[in-house]
Amino acid sequence: MTKLSLALSAVAVGSASAFSMTMQSQTGTNSRRDILQQGAAIATAVAAPAAANAYAVPDLNYPFEALEPFIDAPTMKIHHDKHHATYVANINKATEGKDEVDILELQLNALEAGPAVRNNGGGHYNHAFFWDEMAPPDQAEKSKPSAELEEAINKAFGSLDEMKAAFEARAAPGALFGSGWVWICASSDGLKLVGTPNQDNPLMKGVADEVMFPILGLGVWEHAYYLKYQNRRPEYVSNWWNVVNWDKVSENFAYVTEKKAGVPVRG
């Protein structure tokens, strides 16, 4: 059941109860016309759509300071509470009054839907995906690619270290100018390295040669690193590996391999 349906059900139950009590208490004093008018007003309230807040910023699975010293707490707080929250507010506004669609499903036709959905729907999905693939350094250090993921990495890139080197090169300012994301994706031909501008992602039809399913992604917008790294994007990217949770990335790989679909996200 959608959030809208739940909201309407709650309103309907509460309204019906209130109407019943009103009928019982006021039968002796109110005219039949007054009671009917009250009933019509309640029915109108029940029929009115609830405010569209289908999407929400998910809580982090760790404190803001948990990724120190590689990603600083002030950056995490601003990135999560301000930047991500803005994308969520804007995608809720862009979809107000429309049928609720899961944020994952919204990605496929985002380009056709227009800039508001493309930029803000993409921004919400990308950030929700990003938070969950990271972990505190001590936990991340203990994680490792599954045997299946390691085999796919070796087949596509030669080794994990070679994949990291290719990823860092694709994320460099000269390769991905301005703002955007770098992804490792499952495609019809194994794992692929993809760079996308702004808040685009490979789930969106028309962004790449085919729709692909990200298993790992990093945003290189300046707001993600500037407080700590200033203009040193390559240092940010190379340090980021220290907080990548390979157990989660392996789960992502297993999911997209089995389902042939994108990874669901919270929020």
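**Entry 1. Salt bridges**

I began with R232, which forms a salt bridge with E235, the closest N and O atoms being 2.6 Å apart. I counted a salt bridge where a side-chain nitrogen of Lys or Arg lies within 4 Å of a carboxyl oxygen of Asp or Glu. R232 is partly exposed at a relative accessible area of 34%, and E235 is partly exposed at 35%. For these classes, buried means under 20% relative accessible area, exposed over 50%, and partly exposed in between, with a 1.4 Å probe and protein chains only.

The model is a predicted one, in which local features need pLDDT of at least 70 and side-chain atom pairs count only at pLDDT 80 or more, while totals for chains, interfaces and linings use all residues. Residues are numbered from 1 along each chain as its sequence is written, and side-chain values use heavy atoms, with hydrogens and water left out.

I noted 5 salt bridges in the structure. One of them joins the side chains of E112 and K205, at 3.8 Å from N to O. E112 lies in helix 5 (residues 110–113) and K205 in the loop between strand 2 (190–197) and strand 3 (213–219), so this pair ties together parts that are 93 residues apart in sequence. Helices (H or I, at least four residues) and strands (E, at least two) are DSSP runs, numbered from the N terminus. E112 counts as exposed at 63% relative accessibility, and K205 as partly exposed at 41%.

I then looked up D132 and R266, whose side chains meet in a salt bridge at 2.8 Å, N to O. D132 belongs to helix 6 and R266 to the segment after helix 12 (246–259), so the pair ties together parts 134 residues apart in sequence. D132 counts as buried at 16% relative accessibility, whereas R266 is partly exposed at 31%. Side chains of opposite charge can pair when their charged atoms come close.

**Entry 2. Helix 6**

I followed D132 back into its helix. Helix 6 (residues 115–132) has 18 residues and reaches 26 Å from its first C-alpha to its last, close to the 26 Å expected at 1.5 Å a residue; the expected span is 1.5 Å times one less than the number of residues. Of its 18 residues, 14 are buried.

A128 is placed in helix 6 and is buried, with a relative accessible area of 1%. Leaving aside neighbours within four places in sequence, I found A128 in contact (heavy atoms within 4.5 Å) with P58, H84, V265 and R266.

**Entry 3. Helix 8**

I asked which residues of helix 8 (residues 147–157) are buried. They are L149, A152, I153 and F157. These residues cover an arc of only 100° around the axis, which puts them on the same side of helix 8; the arc is that of the directions from the helix axis to the C-beta atoms. On the other side, A147, E148, E151 and K155 are exposed. The buried residues pack against helix 9 (160–171), strand 1 (180–187), strand 2, strand 3 and helix 12. Just after helix 8, G158 takes a positive phi of about 105°.

**Entry 4. Nonpolar core**

The largest nonpolar core has 63 residues. Such a core is a set of buried Ala, Val, Leu, Ile, Met, Phe, Trp, Tyr and Cys residues joined through side-chain atoms within 4.5 Å. Those with the most contacts inside it are M134, F167, L191, I215, L216, Y236 and W240. Beyond its neighbours within four places in sequence, W240 is in contact with residues including I71, F130, M134, F167 and L216.

**Entry 5. Backbone geometry**

I recorded a cis peptide bond between E68 and P69, with omega about 0°. P69 is in the loop between helix 2 (32–47) and helix 3 (73–94). Q230 has a positive phi near 50° and lies in the loop between helix 10 (226–229) and helix 11 (233–240). K260, also not a glycine, has a positive phi of about 55°; K260 is exposed, at 58% relative accessibility.

**Entry 6. Confidence**

The protein averages a pLDDT of 86, and 80% of the residues score at least 70; pLDDT is the predictor's confidence in each residue, from 0 to 100. Over residues 1–52 the pLDDT is below 50, and this stretch has 31 contacts in the model beyond near neighbours in sequence.
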